[in-house]
Amino acid sequence: MNTDEHRLIKEIILELQDLDVNYGGIQALKQVNLTIQKGEVVTLLGANGAGKSTTLRAISKIVNPQSGAILYNGRNITRRQAHEVVEMGIAHSPEGRRVLAKQTVLDNLLLGAYIRSNQAEIKADIQQQFELFPRLAQRRHQLAGTLSGGEQQMLAIARALMSKPKLLLLDEPSLGLAPAIVLEIFSIIENLRGSGVTILLVEQNANLALQIADRGYVLEAGSITLTGIASDLIHDERVKKAYLG
Ligand SMILES: Nc1ncnc2c1ncn2[C@@H]1O[C@H](COP(=O)(O)OP(=O)(O)OP(=O)(O)O)[C@@H](O)[C@H]1O
Ligand SMILES: [Mg+2]
């Protein structure tokens with residue numbers, strides 16, 4: 001088989017099957033089905049409260065689904081624990097840049113590598129993060145809480161990358177950031193895609209997200225209502241009306 005034929009055969013890295021998530025009485029996800037192929041950037045769009053973060057939390061096992069299944073590389077991970085899915089190669093950069101404010105940039109990065117033990121490799125990967133995020137290199141000994149919003153977002157992504165993920169879950173990386181920083185972060189996401197990381201991107205900035213993504217899904221009140229390739233979604237009247245202003 002030549003390389004072109006290889007490219008035609010898409011491998012599925014993640015599959016959500018009929019996923020239901022409830023918080024107490026509230027059903028946050030209803031029968032969600034979603035598929036991501038290796039190497040893709042897939043974006044999940046939706047209004048506030050639609051269930052985007054819940055979808056990421058279900059995948060990274062911060063919340064447990066009531067029913068349905070999560071398959072990762074064909075393995076059923078529905079009942080796995082959070083640390084197990086990190087070990088399997090899934091990293092989650094959560095909403096609101098949850099960095100440890102009282103720890104330095106360096107310590108936050110080391111924390112991201114908690115599942116790993118090879119110190120030489122960890123050191124090399126910290127260096128790699130500093131190349132990807134030069135702003136963090138200059139601030140390696142600064143307390144994370146004193147970083148700007150954009151820098152904290154970069155740290156949250158860099159920390160997620162320290163577990164060497166194959167699948168990166170990014171929750172609203174552009175939220176609250178100035179346009180120039182947003183572009184900087186999106187160009188880093190482009191680089192990551194180039195390095196072979198598969199990305200599930202939750203974004204309020206649908207326009208930017210659809211420009212970078214291969215495909216997209218629209219969540220409305222916990223249900224997927226629309227899916228397609230990004231270049232189609234960007235011209236879809238429903239998407240335009242609801243998410244592209
Ligand atoms: N811990 C929780 N307990 C109770 N309800 C919750 C909890 N977390 C989320 N919810 C509810 O679940 C629904 C989906 O929330 P979720 O955070 O997934 O939305 P979202 O699409 O990420 O929204 P946003 O764009 O505002 O971040 C909302 O109605 C929310 O109030
Ligand atoms: Mg959210």
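Begin with the salt bridges, each a side-chain nitrogen of Lys or Arg within 4 Å of a carboxyl oxygen of Asp or Glu, of which the count comes to 13. The model is predicted, with local features needing pLDDT of at least 70 and side-chain atom pairs counting only at pLDDT 80 or more, while totals for chains, interfaces and linings use all residues. Residues are numbered from 1 along each chain as its sequence is written, chains are lettered from A and ligands numbered from 1 in the order in which they are written, and side-chain values use heavy atoms, with hydrogens and water left out.

Select Arg 116 and Glu 121, whose side chains meet in a salt bridge at 3.8 Å, N to O. Arg 116 is buried at 15% relative accessible area, where buried means under 20%, exposed over 50% and partly exposed in between, with a 1.4 Å probe and protein chains only. Glu 121, at 42% relative accessibility, is partly exposed.

Next, select Arg 139 and Glu 151, which form a salt bridge at 3.2 Å, N to O. Arg 139 lies in the loop between α6 (134-138) and α7 (149-161), and Glu 151 in helix α7, so the pair ties together parts that are twelve residues apart in sequence; helices (H or I, at least four residues) and strands (E, at least two) are DSSP runs, numbered from the N terminus. Glu 151 is buried at 6%, whereas Arg 139 is partly exposed at 22%.

Now move to the magnesium ion, ligand 2, which is coordinated by Ser 53 (OG) and Glu 95 (OE) at 2.0 to 2.3 Å. Donors here are N, O and S atoms within 2.8 Å of the metal (3.2 Å for Na, K and Ca), and since water is not among the atoms, sites may look incomplete. Ser 53 lies in helix α2 (residues 52-59) and Glu 95 in the loop between β6 (90-93) and α4 (105-112), so the pair ties together parts that are 42 residues apart in sequence.

Finally, colour the open sheet of four strands, which has the order β2-β1-β4-β5 with antiparallel pairing; two strands pair if DSSP finds at least two bridges between them. The edge strands are β2 (26-37) and β5 (75-76), each pairing on one side only. Strand β1 (residues 12-23) pairs with β2 over eight bridges, and in β2 the bridge partner of Ile 12 is Gln 37.
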